[in-house]
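I opened a notebook page for this structure.

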Amino acid sequence: MVKSLSYNSNMTSDQTDLTQQCRQLLVDNDIPITRPRILLLEILLKHKGPIRIEDVIKLSEGKLALSSLYRIINFLKSSNLISEFQTPDNTKVIELSNLKDNHHHHVFCQTCGSVEDFELNEVTETSLQEEIQKIEFLNNISVLSHSLELLSICNPCQAKIQLSH
């Protein structure tokens, strides 16, 4: 049985729409609706991209305990609703799984740790897939998935560096 969630009557219509969208994601994936799951999904939908675990904790404003967050992440990962990966500096990052099945990659700022999604054009992605097939053949392996990670210094960090010189 799905529990009815009580919400602050001061919620804006945007917040109500976001909450409904989160509830629908859970229902569509046969996942029981709980306040912490909705809160995590709201944060992920608002952020619109990869987000560090520590940022989720901050954005939850004390409403998610770290131990609860990891349990929720593991459950939603097992349901394929979210993806988890590590940055080059071993920081855990999560994001909503591709609901539209569009494959993407990540660019990391090695100064501030920000993570952004990007997509390759179809020709480049196809070329990359062809290279992977060659690697599979030459090494007698089966590649299950791939990701392209770019290390960078984002524009805001570059501006700070230039100001300090």
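**Entry 1: a strand pair.** I looked up phenylalanine 108 and found it opposite leucine 151 in β6. The model is predicted, so I kept to its limits: local features need pLDDT of at least 70, side-chain atom pairs count only at pLDDT 80 or more, and totals for chains, interfaces and linings use all residues. Residues are numbered from 1 along each chain as its sequence is written, and side-chain values use heavy atoms, with hydrogens and water left out.

I then looked up how strand β4 (residues 105-109) meets β6: four bridges join them, and they run parallel. Two strands pair if DSSP finds at least two bridges between them. Helices (H or I, at least four residues) and strands (E, at least two) are DSSP runs, numbered from the N terminus.

**Entry 2: the sheet.** I noted an open sheet of three strands in the order β5-β4-β6, with mixed pairing. β5 (115-118) and β6 (149-152) are at the edges with a single partner strand each, so one side of each has no neighbour in the sheet. The twist from one strand to the next averages 25°, where axes are lines fitted to C-alpha atoms and angles run from 0 to 180 degrees between N-to-C directions.

**Entry 3: cysteines.** How many disulfides are there? A disulfide is a pair of cysteine sulfur atoms within 2.5 Å, and by this rule I counted zero. The closest cysteine sulfur to that of cysteine 109 is in cysteine 154, at 3.7 Å, which is too far for a bond. For cysteine 154 the closest is in cysteine 157, at 3.5 Å, also too far for a bond.

I checked burial too (buried is under 20% relative accessible area, exposed over 50%, partly exposed in between, with a 1.4 Å probe and protein chains only). Cysteine 109 is buried at 4%, and cysteine 154 is buried at 18%.

**Entry 4: the whole chain.** I recorded six helices and six strands for the protein chain. Of its 165 residues, 33% are buried.
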